Amino acid sequence: MAVYILKRLGLALITLWILSMIIFWVGQQLPGDPGRTILGNLATPAGVAALDHKLGVDRPIVTQYTDWVTKLAHGDMGSSYSFQAPIRPFITSALENSLKLALVAFFMCVPLAIVSGVIAALKSGEWVDRAISVFGLSLLGLPEFVSGVFLIMIFGIWLNVLPVGATPPAGADPFTQVFHLILPAIAIACVLFGYIMRMARAGTIEALNSDYTRTAVLKGLPTKTVVRRHVLRNALLPTITVVATQVGYLIGGLLVVEYLFHYNGIGSLTFKAAQAKDFPLLESTVLTIGVVYLVATLIADITYTLLNPRLRLGGDT
Amino acid sequence: MHRDPKKLDQLRVGRSELENHVIDEFVAGRLSRREFLRRGSIIGLSIPALGATVSACGGANSSPTSSSAPSGVPKAGAKLRIAGVVPTSAINPAQIYDEGGLTMIQQTGEYLSFNDPKTNILKPMLATGFKPNADASVWTYTLRPGVTFNDGRPMTADDVVYSFKQNTDPKVYVDAASVFNGVLTNDGVKKIDDQTVEFNLEAPNGNFSYLISSDNYNMIIVPNGTDYAKWQKTFVGTGPFKLTSYQANSGATFAPNPNWWGGNVLPAELQHIFYPTQQPQITALQGGDVDIVNLIVPAGAEGVLNNPDYTLLDTKSSQHRELSMRCDKPPWDNKLVRQAMALSLNRPEIAQALFKGYAQLGNDNPFAPFFRSTDTTVAQRVQDLTKAKQLLTQAGLPNGFTTDLYTEDYQEIKNYAQIIKQAAQAIGININLHIDTQATYYKDHWLSGIMSLVDYGHRGVPNVVLTATLAKGGAWNAAHFADSQYDALVKQYVAALDLSTQKQIAGQIETLLLDETPWICAYYFDSLSVCKKTIGGVVTTGMGQIFLSGAGPITA
Amino acid sequence: MSAAVGDVPVAAGSGESDVSHVRREQWRELRKSKTFLVGATILAFWIVCAIVGYRVVPHTPFEQDLLRTNASPSTAHWFGTDQIGRDVFARVITGVRVVLVVAFLATVLGTVLGTALGLLTGYLRGWVDEAISRFVDALLALPLVITAVVVIAALGPSNVTVTICIGVIFTPLIARTVRTAVIQERELDYITAARLRNESALYIMLSELLPNVLSPVMVEFTVRLGYAVFTVATLSFLGFGIPPPTPDWGDDIADNISVVAAGYWWEVLFAAGAIASLVIAVNLVADAIEKVTDE
């Protein structure tokens, strides 16, 4: 078991290393000169060149990369060009905000999606199943900004019952904070709902058709007991994995939703950095997203393995 | 008018030639009262002296005051919440150039004088008075005594000299370089004594006092030796407020400065909240989360524009867009083609569509209609498609041509660019639009694009736009316009001291630019802010600054 | 997204005639599926709009009436007008063209490249497979939208960039599915036989393996198409699409969302509805195809 976890960890580290190289290389391709970004649009070319030299961005790319990674390893993310301030506080506060939003989305969506999926599976083929399935499928394909626009129009403007800005007033209590996060959380949760619901449904159906369920039914156990003891446990296992693997996806959705609802999270920070050609900030946000994703996947992998003894040796993929 | 020659003679004693000239013009009836007050303030006549002259001439003796729309006396002790925009970069007073940044520095920082937006008249701020010499090439400023910075240090001439030297430093990037270029160098700033500073200009400049007033938003006075790059940690200044906390990307809080020279500060706290766009600002105002939205554009603000629950603070401003055409590259090197393009636009309709009428028409020159020196007798250009097509035929392009327009995604510009494209289509010019982020546009296309559409903020006088965007080799000359006659006229205009001369030269410049049309300016749009009707005493400027020392709840 | 890919079981048998027989069966199944019919009808509607839309709309999507801006829906303008007085109905009907063309080309590109990569890695395996897998893992650690935003910020937004960007990101996703299918196939007798006949690797991959993994490729294609529409719309909403004034749903929504609070809901609602109907239609079709090939 320990060997397996170590192996996964090693693979994740290698992936991270490759990712950091890709990000760094792409960042170098960004148009816009760091010196120019800092000094503004009207600076003289000589001033820009002098600052570029001071920043060290005129050095060979390999030197710059090594320098960057070494500093990162010591927890130093460098300074943002556009804010001219250390990056770390921006990342931590953005990550904290995104986490809040993601948590609200998760808690609204996951239980509901699992229950819907299980109900659809138990009523497989009936109209309830079809309704839930088509609904889930529709949500699945809806871009977050489209569902976000619908939500803003319905709840924010016509009914005027929920705030359309995700950022609460400064010093707001937790309740107010959550209140402001409801609309963006629903926008994110829509797609997630579709996925998890489908996985839960498929998992349940598979478990219902499995040998051990049939055996249990043949043994004369009541349906409820069968479902609770055998079906659910086996059906939820793949669902948990899906929830974890969707973390990366969730962050992608965050970018759009945070932009739409004007929320200072890791997604909107990434977008801002890309627009401003703020290379160090962009590197840090993207790498942070990569780390969050890899950690979540790792946890999902390990949890899945722990819960499912049959898979302890690890599969091909 | 009942004149009192004796009193007038007393007033003239000790006045400079320039000051006497202004008084003469007023006495002769060539200047209106309002105009006299404005001109007088530019050249440093004190407000009492102006008032005395007016009364000596039989006018009512009222000193100019800023009028803020709602009546009622604001009450002290309020916590005001202001919606603003996110500053685009670090708050370095010498380098900021954006709305968010300039609003931040003027919360705690102050200028030598304040350009009152309602009257366009300079009022004393950190300087109690100033005087030009006979040809306006040397200006002497007297500083206000007893002013202390919010860190306790007293303000002296050393601090003023330091601040100006930093903002005219040729070795580093400073935003004010665009203003000071050709006007004031680093060496031109001199301390005379602790309360007096002298500015020796590179060339005579009749409007210099405007160029270093609050119109030059970077020019706040900071203590001698302040590191501008670290200013955002302290927000040190002389103003009515001092910093409680600043968080890049989210907001800033300020507390009253108990030692402010201006006396009582009404608000108990200012909370500036940054928003990325207007829509959440309006929503926050409607939802009661903020009291004031500083700077709005009419599109999307309909809910608060004509709503009795809110007060609209409407300030005429010279903010505009310049659509430049490369005068050195075909087909735009032919002025007939440029004229044709300018004739294709229906300006009243554009102003209505983009600004719901909160704008004034532009006439393809830097003289905004409300500048006193503008010659308003020069005919306004109107849409004329037939003539435009004739001009194109005359230029040898009867079938039109295809060209590229580069611009930035900023405020109404994206819509404006599409209107321009459609208008040009009507006379056979096919424009491909390239709308980039501001970062990309400014770096790659602004000064090089064959057609380039750029934003310009408010300035109290046209000098900077006249020189930087149109003079040969000007720093922002995106049109690559070079005309020796124009350059000579601008030189005369800048040096001119009295209004009638300025106006006369302005007329010539306007006529010349209408003919040459290096760039098109279809509108000057108002600077609009909005607050709850229960809040009074808010002062905003065409620049987008917001002064809140006298703001508070009122009972209507 | 990886969840939607899954490991699609391969339905194909081991001979040419079997394959075509199975195809016919599946097509018959498909036509009976209500999900498929609903999805295909909506999709067909939008394809027609993409082809003839510009010619049938009562106003062009470009003409402006600056004195009738933000006009509410009326008989003259069924979906009202936008901020510069353009007909919203015309912009919605014609706006589908950009989305469909870019999404389709991107998916085709991704499918072709992904299938090639999947065949290669699945058939050859070894260190090539391992190296490519690691690289793909690294790429997939970033959400699609984030990768696209970074890449497009670097290359500059244009339709070509968006197409290539989405196509390239799809490549490893599709390659994974194809690789799984190939790994299952390559152990089967007909491949072993071909290898014994000393056929070249290229021949085996293209003539033997490819026809038998077409089913999962087909499923992948439709699933990806839905996601491509999703991504194209999202990217144009973020400002990375075709330059204005060409009608583009995502861009039109982004431009007009700021005036919705002022009551001009028609300027975004119809475009949002259009995107929703298109992605749902593609997903319904994809779901139906997936189900049919599953059985």
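Predicted model: local features only at pLDDT ≥ 70, side-chain atom pairs only at ≥ 80, totals over all residues.
Residues are numbered from 1 along each chain as its sequence is written, with chains lettered from A and ligands numbered from 1 in the order in which they are written.

A:Gly194 lies in helix 8 (residues 174–208) of chain A; helices (H or I, at least four residues) and strands (E, at least two) are DSSP runs numbered from the N terminus. Residues up to four places away in sequence aside, A:Gly194 touches A:Gly136, A:Leu137, A:Leu139 and A:Leu140, contact being C-beta atoms within 7 Å. The C-alpha atoms of A:Gly194 and A:Thr204, 10 residues apart along the chain, are separated by 15 Å.

Between chains B and C, 25 residues of chain B are in contact with 18 residues of chain C. On the chain B side, at least two residues each come from helix 10 (278–286), helix 11 (302–305), helix 13 (347–355), helix 15 (413–426) and strand 16 (429–436). Helix 15 of chain B gives the largest share, six residues. This side of chain B comprises eight nonpolar, 12 polar and five charged residues (nonpolar: Ala, Val, Leu, Ile, Met, Phe, Trp, Tyr, Cys and Pro; charged: Asp, Glu, Lys and Arg; polar: the others, Gly among them).

Within chain C, the axes of helix 3 (residues 34–56) and helix 4 (residues 88–124) come within 7 Å and cross at roughly 110 degrees. Axes are lines fitted to C-alpha atoms, for helices over the stretch in contact, and angles run from 0 to 180 degrees between N-to-C directions. Helix 3 of chain C is therefore roughly perpendicular to helix 4 of chain C (65 to 115 degrees; under 35 is roughly parallel, over 145 roughly antiparallel and the rest oblique). The residues of this contact divide into eight nonpolar, two polar and one charged.

Helix 7 (residues 159–186) and helix 10 (residues 214–237) of chain C pack at about 155 degrees, with axes 10 Å apart, and are therefore roughly antiparallel. Their contact consists of 11 nonpolar, two polar and two charged residues.

Key
Contact = placed C-beta atoms within 7 Å.
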